[in-house]
Amino acid sequence: MDPRLRGDDIGKSNVTEPHNRHITIIGAGLAGAVLATLLVQRGWRVDVYEKRGDPRVQGYGGGRSINLALAERGRHALRLAGADESVMRHAVMMRGRMVHFLDGRTDLQRYGRDDSEVIWSVHRGELNVVLLDIAERAGVRLHFDRGLRDVDFDARIATFTDPRDGSAHQVAFESLVGADGAGSSLRAAMTKRTDLGERTELLGHSYKELEIPPAADGSFPIEPNALHIWPRGRYMCIALPNDERTFTVTLFLPNEGNPSFATIRNGADARALFERDFADALPLIPDLERDFEQNPTGLLATLYLDRWHFDDRAVLVGDAAHAMVPFHGQGMNCAFEDCVALAEHLDAQPDLASAYAAFQAERLPNARAIQAMALENYLEMRDRVDDDDYLLQRALERKLAERHPAHFVPRYSMVTFQRVPYATAYERGRQQRELLIELTRGHHSLDTLDWHAVDAAVHARLSPLSVDA
Ligand SMILES: Cc1cc2nc3c(=O)[nH]c(=O)nc-3n(C[C@H](O)[C@H](O)[C@H](O)COP(=O)(O)OP(=O)(O)OC[C@H]3O[C@@H](n4cnc5c(N)ncnc54)[C@H](O)[C@@H]3O)c2cc1C
């Protein structure tokens with residue numbers, strides 16, 4: 001037996017206790033903390049094991065992306081978990097995309113109709129801390145410095161490693177939920193026992209984060225209430241505001257070609273790229289060279305699984321089940337929506353295996369749809385937001401949304417401001433895009449359209465959108 005193995009954790013969990021309403025969650029990141037809270041509120045006893053230390057004690061240890069766009073699906077879950085108000089105290093409103101053209105011009109493209117349809121920039125570390133506080137107050141038992149290493153699914157024993165001293169700790173479980181992110185250790189353990197049909201598609205593009213500090217007087221140096229984009233064809237930069245009046249800039253580049261992470265290799269290369277392509281951003285990033293050289297380069301990929309659960313013994317949620325590229329700003333929002341769905345199925349179904357199967361049946365097609373939309377959005381953000389045909393289609397889309405609010409809801413709005421299933425948004429989005437292309441073909445302005453024909457086409461081709469669609 002491994003001399004560092006401590007069996008003293010066995011028995012601390014539920015197995016000695018009589019009923020089955022106990023669950024063990026792996027990962028106290030975004031989904032883990034929200035799911036734990038939702039389940040405790042429903043009377044479950046929940047233990048959460050997290051490989052990192054407690055970010056409330058030792059500061060947030062970083063990880064993927066410094067800030068995130070929070071939208072309606074995510075906020076709905078946060079409201080149910082009683083976390084929305086606390087999270088929103090740290091959030092910065094983003095009304096639309098501020099497009100920065102190569103010649104220095106800018107253009108704000110609103111996301112929604114008005115300030116009721118916006119997205120919110122939140123700091124990952126702050127968000128995680130707020131969610132952990134709420135989970136703990138609700139009665140969740142959090143165990144930090146416990147990285148899942150191995151699972152014996154027959155004995156229902158999970159083994160964790162303490163990264164501080166390498167010691168091993170065994171914990172008995174009834175059932176495991178993997179909220180341990182894209183590199184999920186639980187998924188790896190499940191795969192040893194059952195074929196999940198896993199495949200990962202790399203995007204072939206990666207990202208690097210850079211920082212815009214506050215202006216000399218402490219204010220935001222550029223428009224705070226926008227998601228800034230510098231679209232440049234095969235690559236782009238974006239910047240999201242933080243509540244301490246900084247912006248986090250993310251540079252997305254291909255891995256190969258010119259420019260790419262193969263040709264932009266150091267701070268001097270990055271400066272030359274910014275001088276040429278992002279000239280108005282350059283003076284805002286005083287530590288460009290240092291940020292570029294010291295910050296890691298993040299890989300982007302989509303993870304597809306055909307199965308998310310192993311009978312009643314384990315299920316995956318969030319990135320562990322369906323990591324996606326970040327271009328729709330929905331990975332976390334989708335993960336939070338998973339949490340609500342799983343909690344509801346656990347309430348509604350007679351046993352864990354049925355709940356996990358029902359959860360997978362509901363969520364897998366929706367995850368596939370948002371994964372596809374996230375990939376499509378990359379093309380749109382980096383290549384189309386400054387294209388004339390696209391801008392005319394967008395203008396018509398806005399008009400149709402005003403004239404026929406029940407029939408024509410822009411896809412971005414369905415995904416971001418509503419909670420219609422992602423699969424519905426994807427399919428209707430496809431039909432709507434076809435219509436926009438048809439109606440604007442041969443036109444350079446909306447003034448030349450025959451509005452009777454346009455209105456008739458909308459009613460003939462699109463049924464009213466039901467929120468429960
Ligand atoms: C560049 C970038 C930008 C993004 N922007 C957005 C955005 O604007 N909006 C949006 O909605 N989403 C965005 N996302 C996606 C979002 O980050 C993820 O979808 C979200 O973090 C998923 O949450 P999660 O809880 O499933 O996983 P994670 O947040 O990755 O949490 C996993 C947790 O599990 C822990 N863990 C890992 N392994 C183990 C182990 N073996 N044992 C125990 N614990 C473990 C980790 O330490 C972590 O705390 C972005 C992602 C990237 C990369």
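The shell around the ligand, by class, holds 14 nonpolar, 14 polar and 6 charged residues. Here Ala, Val, Leu, Ile, Met, Phe, Trp, Tyr, Cys and Pro count as nonpolar, Asp, Glu, Lys and Arg as charged, and the others, Gly among them, as polar. The model is predicted: local features need pLDDT of at least 70, side-chain atom pairs count only at pLDDT 80 or more, and totals for chains, interfaces and linings use all residues. Residues are numbered from 1 along each chain as its sequence is written.

In total, 34 residues surround the ligand, each with its C-beta atom, placed from the backbone, within 6 Å of it. The closest are Gly 27, Gly 29, Gly 181, Gly 318 and Gly 331. Helix α10 gives the most to this shell, with 4 residues. Helices (H or I, at least four residues) and strands (E, at least two) are DSSP runs, numbered from the N terminus.

Helix α10 spans residues 331-348. Of its 18 residues, 13 are buried. A residue is buried if 20 or more other C-beta atoms lie within 10 Å of its own, exposed if 12 or fewer, and partly exposed in between; C-beta atoms are placed from the backbone.

The largest nonpolar core has 131 residues. Such a core is a set of buried Ala, Val, Leu, Ile, Met, Phe, Trp, Tyr and Cys residues joined through C-beta atoms within 7 Å. Those with the most contacts inside it include Ala 36 and Cys 339.

Glu 256 lies in the loop between β17 (247-254) and α7 (267-277). Glu 256 is exposed, because 11 other C-beta atoms lie within 10 Å.

Definitions and conventions
The expected span of a helix is 1.5 Å times one less than its number of residues.
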